[in-house]
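This report covers the salt bridges of a predicted model. The sequence and structure are shown first.

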Amino acid sequence: MSKPKHPRGLAETEAQAILSNLRVSPRKLNLVAGLIRNEPVSHAISLLTFSRRRIAHQVRKTLESAIANAENNHQLDVDRLVVSRAEVGRSVVMKRFHARGRGRSSRIEKWFSHLKIVVAERSQEAALPPAATVHEPEGEAA
């Protein structure tokens with residue numbers, strides 16, 4: 001007799017990718033993750049491609065992995081994917097010391113973090129932000 005199968009934690013229209021033990025502090029990683037939250041994946045990839053932050057390359061690779069998971073494992077439409085969540089968490093902290101004057105020392109903490117990106121399939125109208133929709137003037141026929 002075996003244990004019952006663990007239910008899937010995501011909805012049917014969602015896929016995820018997880019990157020563990022990333023050598024950057026969670027505070028810095030959260031700045032990059034904040035850029036792509038609630039963005040269409042095509043726009044999020046272009047933001048990460050041209051970002052000047054060092055860690056943006058790793059975040060882009062994780063986002064592309066989530067897109068590939070959505071396409072290949074869950075048969076979702078890539079053109080309608082939106083980054084629904086980009087979660088950043090703490091991992092281990094390496095503790096080192098730095099020699100100071102007069103025989104003292106100070107502590108240096110080297111932070112690691114986790115990244116979880118969840119993409120969801122949304123309709124084209126829901127994927128666009130409200131400012132990006134084009135409104136035709138009423139009463140004028142083209």
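The side chains of R107 and E109 form a salt bridge, with N and O 3.2 Å apart. The two partners fall into separate exposure classes: R107 has a relative accessible area of 56% and is exposed, whereas E109, at 36%, is partly exposed.

The pairs are listed below.

| Arg | Glu | N to O distance |
|---|---|---|
| R60 | E64 | 3.2 Å |
| R85 | E87 | 3.0 Å |
| R107 | E109 | 3.2 Å |

**R85 and E87.** Here the side chains meet with N and O 3.0 Å apart. R85 is partly exposed at 32% relative accessibility, and E87 is partly exposed as well, with a relative accessible area of 35%. Both are placed in that class because it lies between the limits of 20% for buried and 50% for exposed.

**R60 and E64.** In this salt bridge the closest N and O atoms are 3.2 Å apart. Why do R60 and E64 sit about one helical turn from each other? Both belong to helix α3, which spans residues 56–72, and they are 4 residues apart in it, so about one helical turn separates them.

On the arginine side, R85 is partly exposed and R107 is exposed.

Notes
Residues numbered from 1 in each chain as written. Predicted model: local features only at pLDDT ≥ 70, side-chain atom pairs only at ≥ 80, totals over all residues. Heavy atoms only, no water. Salt bridge = Lys/Arg side-chain N within 4 Å of Asp/Glu carboxyl O. Helix = DSSP H or I, 4+ residues; strand = E, 2+ residues; numbered from the N terminus. Buried < 20%, exposed > 50% of the residue type's maximum accessible area, 1.4 Å probe, protein only.
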